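Here are some exercises to work through with the structure open beside you. Try each task before reading its solution.

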Amino acid sequence: MALDFLAGCAGGVAGVLVGHPFDTVKVRLQVQSVEKPQYRGTLHCFQAIVKQEGVLGPCRGLGSPLLGLTFINALVFGVQGNTLRALGRDSPLNQFLAGAAAGAIQCVICCPMELAKTRLQLREAGPGRTYRGPLDCLAQVYRREGLRGVNRGMVSTLLRETPSFGVYFLTYDVLTRALGCEPGDRLLVPKLLLAGGTSGIASWLSTYPLDVVKSRLQADGLRGAPRYQGILDCVRQSYRAEGWRVFTRGLASTLLRAFPVNAATFATVTVVLSHARGEQARPEGDAVPAAPAGPALAQPSSL
């Protein structure tokens, strides 16, 4: 279990460093006003952020996910691996169930972290900005709104994360088996990157509209009076104002981010687990034992 957590931490750091600028673009596109839109699309949004806030503008709010996602990834891969072992059989259904369990459990940390990240990404640059960092953001929200405010968007986060993580691990398992990810394969790392990146895309596509709703709920009231009374009211108002396309807003930047982030995450997790378990299994002074055969190398839960 400790190795699952260690590998998850390494994967989380890799994923955040690769993908955070894309996430900043996604959030700003998701919550911009339909009456006075600031951005014409993904590229224009990125260019505008850099022009207005400097080259570090897309990295705004990096501290929150870097701290939070490192632990969250450790939790996700630890829970997924141990749930799969508890289920007793490595099957597609059990891969989905283990991933869904991991997704549900990490919401307790993910929701407040994403609230802070969203608000930091949307704050104005300059001396008048509202928050000094993620912890200050959560502290201010708690003082004003209590625990309910800190956990704003929890239900929509749970509805998003539970099935999406099931899809995430199921897709990775299916692809690593289909690609024949064998130990010693000279194309092993590219195959792991392809499987991880594709899994990330499949995961986001499965629940993306709920992510739009979550972002809007967590940003609600930041610039003016609160508009939404809950998930259904947010869906109803958003659809009435902008039509069904509102639930795909920011999708392009999300998918651009999803592939490299999850490629880096899964490949890092798998390589770290493979190396760590190989070191564990090696008696002092002995030669390195032969690597286990089969696609299990690519499965974080069964390395």
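This is a predicted model: local features need pLDDT of at least 70, side-chain atom pairs count only at pLDDT 80 or more; totals for chains, interfaces and linings use all residues.

**Exercise 1. Get your bearings.**
Find how many helices and strands the protein has, and what share of its residues is buried.

*Solution.* 
Step 1: The secondary structure consists of 10 helices and zero strands. Written along the sequence, that gives α-α-α-α-α-α-α-α-α-α.
Step 2: Of the 303 residues, 48% are buried.
Step 3: Now look at how the chain meets itself. Among contacts with a separation of 6 or more, 76% are between residues 24 or more positions apart.

**Exercise 2. Sort out the aromatic rings.**
Count the aromatic pairs, and decide whether the pair Phe165 and Tyr168 is stacked or edge-to-face.

*Solution.* 
Step 1: Rings pair if their centres lie within 6.5 Å. By this rule there are eight aromatic pairs.
Step 2: The ring centres of Phe165 and Tyr168 are 5.7 Å apart and their planes stand at 85°; angles over 60 count as edge-to-face, so this pair is edge-to-face.
Step 3: Both residues belong to helix H7 (residues 154-179), where they are three residues apart, about one turn of the helix. Phe165 and Tyr168 are both buried.
Step 4: Phe169 and Phe266 also form an edge-to-face pair, with 5.7 Å centre to centre and 85° between the planes. This pair links distant parts of the chain, since Phe169 is in H7 and Phe266 is in helix H10 (residues 251-281), 97 residues apart.
Step 5: Buried means under 20% relative accessible area. Phe169, at 2%, is therefore buried, and so is Phe266, at 0%.
Step 6: Phe77, Phe165, Tyr168, Phe169, Tyr172 and Phe266 form one aromatic cluster.

**Exercise 3. Trace the nonpolar cores.**
Which residues have the most contacts inside the largest nonpolar core, and which helix supplies the largest share of this core?

*Solution.* 
Step 1: The largest core has 20 residues, and Val76, Phe77, Phe169, Leu192 and Phe266 have the most contacts inside it.
Step 2: At least two residues of this core come from each of helix H3 (63-87), helix H5 (107-122), H7, helix H8 (188-219) and H10. H3 gives the largest share, five residues.
Step 3: Take Val76 as an example. Beyond its neighbours within four places in sequence, Val76 is in contact with Ala102, Gln106, Phe165 and Phe169.
Step 4: A second, separate core has seven residues, including Leu115, Leu120, Tyr131 and Cys137.

**Exercise 4. Compare two residues.**
Are Asn151 and Ala104 buried, partly exposed or exposed?

*Solution.* 
Step 1: Asn151 has a relative accessible area of 25%, so Asn151 is partly exposed. Ala104, at 26%, is therefore partly exposed as well.
Step 2: Asn151 sits in the loop between helix H6 (134-150) and H7, while Ala104 lies in helix H4 (residues 92-105).
Step 3: Not counting residues up to four places away in sequence, Asn151 touches Cys111 and Pro112. With the same exclusion, Ala104 touches Leu158 and Thr162.
Step 4: From C-alpha to C-alpha, Asn151 and Met113 are separated by 9.3 Å, although they are 38 residues apart along the chain. Ala104 and Val76 are 28 residues apart in sequence and 9.2 Å apart in space, C-alpha to C-alpha.

Methods. Residues are numbered from 1 along each chain as its sequence is written. Side-chain values use heavy atoms; hydrogens and water are left out. Rings of Phe, Tyr and Trp (its six-membered ring) pair if their centres lie within 6.5 Å; planes under 30 degrees apart count as stacked, over 60 as edge-to-face and the rest as tilted. Helices (H or I, at least four residues) and strands (E, at least two) are DSSP runs, numbered from the N terminus. Buried means under 20% relative accessible area, exposed over 50%, partly exposed in between (1.4 Å probe, protein chains only). A nonpolar core is a set of buried Ala, Val, Leu, Ile, Met, Phe, Trp, Tyr and Cys residues joined through side-chain atoms within 4.5 Å. Contact means heavy atoms within 4.5 Å.
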